Structures are given as structure tokens and as C-alpha cells.
There are 2 protein chains.
Amino acid sequence: MHRTKVKVVEEALDANNTIARANRADFDRHGLTVVNFMSAPGAGKTSLLECVVAELPGVRVGVLEGDVQGSMDADRLAHLHVPVTQLNTDPGFGGECHLDANMVRSALPELPLADIDLLLIENVGNLVCPAEFRVGEDHRVMVSSVTEGEDKPLKYPLMFRTCDLVLVNKIDLLAHLDFDLDRFLYNLDQVHPDVERLLVSARSGEGIEQWREWLSGVVRAEGALA
Amino acid sequence: MHRTKVKVVEEALDANNTIARANRADFDRHGLTVVNFMSAPGAGKTSLLECVVAELPGVRVGVLEGDVQGSMDADRLAHLHVPVTQLNTDPGFGGECHLDANMVRSALPELPLADIDLLLIENVGNLVCPAEFRVGEDHRVMVSSVTEGEDKPLKYPLMFRTCDLVLVNKIDLLAHLDFDLDRFLYNLDQVHPDVERLLVSARSGEGIEQWREWLSGVVRAEGALA
């Protein structure tokens with residue numbers, strides 16, 4: 001029984017990876033850099049997008065907003081005048097807790113792939129399943145808020161292990177929390193030694209320039225490779 | 001294709017509900033009140049358990065700790081000298097993002113069902129799938145931290161709609177956030193009008209006495225019904 005369940009999950013992930021590779025091929029054909037942007041609910045993904053999408057010199061940005069339902073985050077980004085496409089995971093049942101490659105594929109016709117250089121995919125807020133499903137991205141970035149506690153890398157290791165950059169957000173609140181930043185970074189290094197990390201605050205602006213530079217850097221690197 | 005997927009999901013939820021009813025029957029047979037305790041990662045579930053499990057006069061408490069992997073939360077509760085059983089969702093693959101009725105059933109032999117009055121089941125930190133899977137509980141309680149933003153009821157409506165009590169946690173931080181409490185409560189009423197809610201802080205102790213009283217109340221009510 002248990003073995004069967006594992007097999008079904010493996011087959012589902014294999015099928016997902018096949019579609020993810022097709023997405024990646026389409027993105028590559030358009031010279032597009034794609035970032036899968038993940039975090040727990042309320043960690044600040046949308047705020048951290050608001051800080052950067054309209055302020056990357058020479059980089060044309062598009063956003064794919066993944067949510068169980070509604071378009072609140074897409075609405076928040078509307079004033080920034082970059083192409084935003086909403087993708088909801090709820091049609092037909094209670095709602096998927098993550099984006100998968102097929103959902104992203106279904107949204108591709110609505111995205112102006114030829115007119116953008118960087119696609120930021122905001123995943124559903126969740127630290128478990130989004131890490132298991134590739135969607136065709138070049139890079140994975142996650143946000144971990146200091147309000148969530150130091151233990152999160154140890155409790156959700158796959159998420160922290162599979163990302164290329166960890167944005168440690170809400171550091172403007174550090175003075176008001178019992179959060180031990182050194183312990184968090186130690187825990188992070190236990191599951192993903194030396195992964196790139198930036199201390200940021202979408203609210204105070206601290207670290208945001210480095211976050212913009214990181215994004216510009218990966219777009220330039222992809223361009224150089226193309 | 002899509003219709004088939006919906007059917008598979010419905011069948012999985014039906015199978016889960018059957019096992020959940022069996023769990024519930026076992027709990028009832030022992031005169032046990034069971035609370036399914038849910039939230040996003042880092043909202044403060046374990047801290048809010050630490051505040052109450054050893055301080056409910058006349059109520060013998062047990063805890064079932066659900067985590068993808070590790071036993072950090074169970075270890076945190078160890079000094080309170082109540083029975084704690086760890087349930088990990090990761091064996092065999094990347095890890096389930098929620099507890100289901102079968103996982104809880106598999107842990108029942110390790111729980112001293114005859115020696116406790118209240119079982120608190122701490123679910124995996126996630127605002128989506130835990131709401132879809134009943135585990136045999138009498139009540140659902142969720143924690144929403146004020147650091148997560150006012151929009152969460154609208155973005156994760158099933159979770160907020162299916163719970164009997166919402167603990168609005170970390171209110172000691174309100175002075176340091178842009179969080180609009182009235183707007184959060186308005187959004188909450190949009191998806192679950194008049195659901196019971198308590199403003200609490202595990203850190204300052206505000207509202208914790210009411211949280212204890214709520215738990216004692218549901219245990220008394222179940223006892224009166226039994």
C-alpha cells in the first residue's frame with residue numbers, strides 16, 4: 001500500500017518534470033530568465049516584487065501570480081504597469097497548494113513571452129509542495145520572514161535546500177522579536193551550506209538594492225549564455 | 001483530463017472521511033475531545049500550545065505533533081510533562097504538506113487515549129491542504145499571525161471557513177506593523193461571519209487566559225454530551 005503510494009507520487013513528479021522541461025524549452029527559445037518565487041503565506045513575496053519589478057534598468061519584467069483563488073496580489077501589482085497574469089489553482093475542487101508545470105503551461109499563451117526578459121512566478125504561499133514541483137524555472141528564490149522563527153530551515157529542509165537565494169525578510173522588526181538571526185543562519189547552513197542569502201526589508205528598503213542587483217545579474221548571466 | 005483529476009481528488013477525500021469517522025468513533029469511545037490545530041508556518045502554534053497544555057485545571061492533555069520531518073516541536077513541549085507523540089509526513093518521498101486521517105490513525109496506538117481528556121493535534125504549517133482533510137477532530141482551531149497581513153482570510157478562505165476559532169496571534173507586535181486589525185476582522189467576516197476569534201500573544205500572555213477557557217469549555221461541553 002505504502003509502496004504503491006510512493007510509486008504514484010514518483011510518477012506524478014516524473015510527469016511534472018517532463019512538462020517543466022517543455023516550459024523551460026519555450027522560455028529558452030524566447031531568451032527568457034524565469035524565477036520561481038516561493039515562501040510561507042504572508043512572508044512578503046508580493047511586497048518584495050513591488051519593490052523591484054518596475055525598477056530593473058533595461059530588464060523587461062513579467063509576473064505570473066499563483067494563488068488558490070482571487071487576484072489580490074495581481075491587483076496590487078497593477079499600478080506598476082508590467083504584464084501580470086493571474087493563475088488560480090482552485091477550479092473544480094478545494095484548491096491546489098502549489099503551482100505545477102502543467103498549470104504554468106496553461107498560462108503561457110496569456111504571457112507576452114517575446115516582450116519580456118524576466119518572468120517572476122509567485123507561487124502559492126506554502127513551504128512544502130511548491131519545492132517538489134519544478135515549473136520550468138531557471139532559478140528558485142525563497143523568502144523567509146524573521147517573524148516565522150529560527151527553526152524553519154530544519155522543519156522545511158527541501159524548500160531551503162532547492163533554492164538559489166534566500167531573502168530573509170522583515171528585518172526591520174528584529175528589534176521587536178526574540179528571533180536569533182545567527183541561529184537562523186546556522187540552521188540554514190545545516191540544510192544548504194553557503195546558499196546565497198540577503199537580509200532585506202520590503203518596508204524599510206534595506207537590502208532591496210541588492211535584491212534588484214541579484215535579479216539583474218541572473219538576467220545578464222542568462223543573456224550571456226544565450 | 002481535468003474531470004478525471006477532480007474525480008480522483010473526490011475519491012481520495014471520501015476515503016479520508018471514512019477513516020476520519022473511524023478515528024472519531026475511537027475518540028468518542030474514550031470520551032476524548034480532539035482539536036485540529038492549524039496555521040501557516042511560524043504563526044505560533046507550538047508557542048500557543050506551550051501556554052496552555054499544562055495549565056488546564058482538571059483537563060488531562062495529550063499532543064500529537066505533525067511535521068514534515070524532525071521532532072523540534074515535540075522536543076519543545078517535552079518539559080511540560082504531557083504525553084506528546086511525533087508524527088512525520090515525510091517517509092518515502094518529499095513529504096506531505098498536511099496530516100490526513102490515515103496518518104493520525106497510524107499514530108493512535110502510541111497515544112494514551114484512555115488517560116487523556118483533550119487531544120491537541122498540531123497540523124503541518126500550511127493554510128491550504130490541512131483544511132481539506134478531516135482527521136476525526138471535534139473542533140478546528142487556526143492561528144493567523146498579524147505579521148502575515150490582512151488579506152489571508154480572502155486568499156485561503158477554506159481554512160478560515162472551516163474553523164471554529166481563530167486565534168489572532170502576535171498582537172504584541174501591532175505597534176510595529178502596518179497591519180490594519182479592523183480590515184483583517186472585516187475580511188474574516190467576509191469568509192466566516194461571526195466566527196469566534198481571540199486576540200492573543202503567546203509572548204506577552206495577552207488573551208491566553210481566554211484561550212485556556214475556550215479549550216476547557218469545549219472539553220466540558222463534550223463531557224456533558226457524552
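Okay, let's start with a cluster of charges: Glu50(A), Asp67(A), Asp73(A), Arg76(A) and Lys155(B) are linked in a network of salt bridges. By salt bridge I mean a side-chain nitrogen of Lys or Arg within 4 Å of a carboxyl oxygen of Asp or Glu. One of the links joins the two chains, with the side chains of Asp67(A) and Lys155(B) pairing at 3.4 Å, N to O.

Some housekeeping before I go on. This is a predicted model, where local features need pLDDT of at least 70 and side-chain atom pairs count only at pLDDT 80 or more, while totals for chains, interfaces and linings use all residues. Residues are numbered from 1 along each chain as its sequence is written, chains are lettered from A and ligands numbered from 1 in the order in which they are written, and side-chain values use heavy atoms, with hydrogens and water left out.

So, the interface. How many salt bridges are there between chain B and chain A? The count is six. On the chain B side, helix H1 (2-29), helix H3 (72-77) and helix H5 (152-155) each supply at least two of the residues that touch chain A. Helices here are DSSP runs of H or I, at least four residues, and strands are runs of E, at least two, numbered from the N terminus. H1(B) gives the largest share of that side, four residues. Sorted by class, the side of chain B that touches chain A has 18 nonpolar, ten polar and 14 charged residues. For the classes, Ala, Val, Leu, Ile, Met, Phe, Trp, Tyr, Cys and Pro are nonpolar, Asp, Glu, Lys and Arg are charged, and the others, Gly among them, are polar.

In terms of extent, 42 residues of chain B are in contact with 42 residues of chain A, contact being heavy atoms within 4.5 Å. About 3,500 Å² is buried between the two chains, and carbon and sulfur atoms give 59% of that. That's the accessible area, with a 1.4 Å probe, that two parts lose on being put together, summed over both. There are also 13 residue pairs in polar contact across the interface, both residues at pLDDT 80 or more. A polar contact is a pair of N or O atoms within 3.5 Å; within protein, one must be able to donate a hydrogen and the other to accept it, and residues adjacent in sequence count only if both atoms are side-chain atoms.

Now, how do the copies relate? Chain B can be laid on chain A by a turn of 180° and a shift of 0.0 Å along the axis, with an RMSD of 0.0 Å. The two copies are therefore related as by a two-fold rotation axis. That superposition is by least squares on the C-alpha atoms of residues with pLDDT of at least 70 in both copies. Which C-alpha of chain B is nearest the axis? That of Asn126(B), 3.0 Å away from it. And the same surface serves both copies, as 100% of the contact residues of chain B recur in chain A.

Glu55(A) and Arg212(A) form a salt bridge, with the closest N and O atoms 3.2 Å apart. Those two sit 157 residues apart, Glu55(A) in the loop between helix H2 (45-50) and strand E2 (61-67), and Arg212(A) in helix H8 (residues 208-225). Glu55(A) is partly exposed at 44% relative accessible area, whereas Arg212(A) is buried at 16%. Cut-offs: buried is under 20% relative accessible area, exposed is over 50%, and partly exposed is in between, with a 1.4 Å probe and protein chains only.

Asp117(A) pairs with Arg60(A), at 2.9 Å between the closest N and O atoms. Asp117(A) is in the loop between H4 and strand E4 (118-122), and Arg60(A) in the loop between H2 and E2, 57 residues apart. Here Asp117(A) is buried at 16% and Arg60(A) is partly exposed at 43%. Then there's Glu137(A) with Arg140(A), 2.7 Å, N to O, and both of those residues are buried.

Last, a few loops. His81(B) has a positive phi of about 55° although it is not a glycine; His81(B) lies in the loop between H3 and strand E3 (84-88) of chain B and is exposed, at 73% relative accessibility. His98(A), in the loop between strand E3 (84-88) and helix H4 (101-107) of chain A, is buried at 6%.
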